[in-house]
Amino acid sequence: MLQRKQSLFLLLAAICGLLTFFFPVDTFTRGDQGFVFRTSGFFMADGAAVVDAPVRVPFHLLLGLLSALLVAIIFLYRNRQRQLRLTRVANLLTVAVMVFLLITDNSIRAYLEQGGKLATNFGPAAILPSLMIIFTLMAERGIRKDEALVRSMDRLR
């Protein structure tokens with residue numbers, strides 16, 4: 001039963017996780033200098049990596065694995081309990097990645113503010129993990145509804 005609503009929500013969550021590779025999390029401007037924080041690292045506006053402030057958490061790997069997990073959960077439709085459990089785990093991991101992303105962004109901002117006044121603009125990759133959380137919660141709700149429907153049908157037999 002791949003055509004269920006929760007399969008679509010899990011797929012949308014996985015797509016949101018993959019889209020974080022293509023968009024910046026935050027862009028910083030300090031005077032004439034531009035900086036970009038992406039899930040793959042911290043870069044100057046011209047694409048050169050900033051070696052003074054490396055990103056210690058490999059967000060691109062975590063979000064890639066999380067997206068792969070969400071796609072794999074879609075194919076566990078025969079075992080709804082396992083699907084529900086893994087959906088909750090994926091949701092918790094997404095929350096953890098989002099928290100570490102914000103902590104890293106704040107530390108980069110504090111590092112750059114030492115050199116002068118700083119202007120920041122959040123990018124789409126800062127919002128996409130929250131969309132992942134919403135989509136996984138909607139998928140979890142659909143899985144629970146399916147499980148309740150199956151249990152009610154078993155009572156009628």
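Predicted model: local features only at pLDDT ≥ 70, side-chain atom pairs only at ≥ 80, totals over all residues.
Reader: How many aromatic pairs does the structure hold?

Author: The structure holds four aromatic pairs.

Reader: Why is the pair of Phe-28 and Phe-42 called edge-to-face?

Author: A pair of aromatic rings is described by the distance of the centres and the angle of the planes. The ring centres of Phe-28 and Phe-42 are 6.3 Å apart, and the limit for a pair is 6.5 Å. Their planes stand at 80°, and an angle over 60 degrees counts as edge-to-face; therefore the pair of Phe-28 and Phe-42 is edge-to-face.

Reader: What makes this pair a tie between parts of the chain?

Author: Phe-28 belongs to strand β1 (residues 26-30) and Phe-42 to strand β3 (residues 41-44), so the pair ties together parts that are 14 residues apart in sequence. Phe-28 and Phe-42 also form one aromatic cluster with Phe-35.

Reader: Why are Phe-28 and Phe-42 called buried?

Author: Buried means under 20% relative accessible area. Phe-28 has a value of 1% and is therefore buried. Phe-42, at 4%, likewise counts as buried.

Reader: How do you know that the rings of Phe-37 and Phe-59 are edge-to-face?

Author: Their centres lie 6.3 Å apart, within the 6.5 Å limit for a pair. The planes are at 75°, and over 60 degrees is the condition for edge-to-face, so that term applies to Phe-37 and Phe-59. The pair links distant parts of the chain, with Phe-37 in strand β2 (residues 33-38) and Phe-59 in helix α2 (residues 59-74), 22 residues apart. Both Phe-37 and Phe-59 are buried.

Reader: What makes Thr-104 a buried residue, and which residues does Thr-104 touch?

Author: The relative accessible area of Thr-104 is 13%; the cut-off for buried is under 20%, so Thr-104 is buried. Thr-104 is found in helix α3 (residues 80-113). Leaving aside residues up to four places away in sequence, Thr-104 touches Phe-37, Val-55 and Phe-59.

Reader: Why does Arg-30 count as buried?

Author: Arg-30, in strand β1, has a relative accessibility of 18%. Buried requires a value under 20%, so Arg-30 counts as buried.

Reader: What joins the side chains of Arg-30 and Gln-33, and which residues does Arg-30 touch?

Author: A polar contact of 2.9 Å joins the two side chains, and the limit for such a contact is 3.5 Å. Not counting residues up to four places away in sequence, Arg-30 touches Phe-35, Leu-112, Gly-115, Gly-116, Lys-117 and Leu-118. Phe-35 is one of the residues in the aromatic cluster with Phe-28 and Phe-42.

Key: Residues numbered from 1 in each chain as written. Heavy atoms only, no water. Phe/Tyr/Trp six-rings, centres within 6.5 Å; stacked < 30°, edge-to-face > 60°. Helix = DSSP H or I, 4+ residues; strand = E, 2+ residues; numbered from the N terminus. Buried < 20%, exposed > 50% of the residue type's maximum accessible area, 1.4 Å probe, protein only. Polar contact = N/O pair within 3.5 Å; in protein donor to acceptor, adjacent residues only side chain to side chain. Contact = heavy atoms within 4.5 Å.
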